[in-house]
Amino acid sequence: MKFHTFIVLFSAACLGGCGSMTTVDDYRPTAEPIHIGVSEKVAVLGRRDAGHYVTDRSFIECLVDRLEDSSFLVMPEQEFVDALFPWFEPRTAPKNLTRLRKIMQEPSVRKKVEEEKIGYLVWLDGEVESQGVTGAMHCGVGPTGAGCFGFTSWDKTVMFEAIVWNMVDLTEEARIRVDSEGTSYVIGIVAPIPLLTRAESQACQGMGDQLKSYFTQEGE
């Protein structure tokens, strides 16, 4: 009985510790809403460096999903990259507004952006890191069957920055940074019990909601 009570109390304590702390900071040159046409799209693109770096794909997909229920049209990353091939492949993709302006000087790129009605591009950079693993987990087969016993934990830190570029005027409309951190646990009591932090999903939610608050459709 005491052992089961310990399990319940220990699990409850870990669940309380799985919460994450998230902060969202943004900068905009004006508080005026960004007006977007009914048929205009907001595209999402992660930083892409040839050979060694791409922005976390799961976070990009989460952000697109978060934006899907907004009042404006959203263009997922792969759809955007395919439509503008090869200009936004890793070896040529812009990492700043200066490079974007240079790419947009290409008549074929400008024409395709206009055809696809891409009004804004959300350029995303950042990473998810897990570190500080502590504890130990032991699993094996004994006379009474297989099982695991032990306890491990690790910290997760999430940092992403999004820049909203106007694809018509080629100006920066907004910049958002989100930071989130939390601790995950795995308890080994016969079967491993994972208690995972929601740091990444909360960072995605915070950034997505902030982005949605910027835009208003013309006529609203």
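A residue is called buried under 20% relative accessible area, exposed over 50%, and partly exposed in between (1.4 Å probe, protein chains only). By this criterion, 41% of the 220 residues of the chain are buried. The structure is a predicted model, in which local features need pLDDT of at least 70 and side-chain atom pairs count only at pLDDT 80 or more, while totals for chains, interfaces and linings use all residues. Residues are numbered from 1 along each chain as its sequence is written, and side-chain values use heavy atoms, with hydrogens and water left out.

The chain contains six helices and ten strands. These elements are DSSP runs numbered from the N terminus (helices: H or I, at least four residues; strands: E, at least two). Contacts are defined by heavy atoms within 4.5 Å. Of the contacts in the chain with a separation of 6 or more, 74% join residues 24 or more positions apart.

Isoleucine 34 belongs to strand 2 (residues 34–36). It counts as buried because its relative accessibility is 3%. Beyond neighbours within four places in sequence, isoleucine 34 contacts Arg28, Tyr120, Glu173, Tyr214, Phe215 and Thr216. Its C-alpha lies 9.7 Å from that of alanine 174, 140 residues away in sequence.

Phenylalanine 215 is part of strand 10 (residues 215–217). With 7% relative accessibility, phenylalanine 215 is also buried. Its contacts, again leaving aside neighbours within four places, are Ile34, Ile36, Val42, Phe72, Tyr120 and Val164. A C-alpha distance of 6.0 Å separates phenylalanine 215 from histidine 35, 180 residues apart along the chain.

Threonine 183 sits in strand 9 (residues 172–195). It is buried at 18% relative accessibility. Its side chain makes a polar contact with the side chain of aspartate 155 at 2.8 Å. A polar contact is a pair of N or O atoms within 3.5 Å; within protein, one must be able to donate a hydrogen and the other to accept it, and residues adjacent in sequence count only if both atoms are side-chain atoms.

Backbone geometry was also examined. Most residues other than glycine have a negative phi, and most peptide bonds are trans. Phenylalanine 85 and proline 86 are joined by a cis peptide bond, with omega about 0°. Lysine 117, not a glycine, has a positive phi of about 55°. It is partly exposed, at 41% relative accessibility. Leucine 170, not a glycine, has a positive phi of about 55°. Leucine 170 is buried, at 9%.
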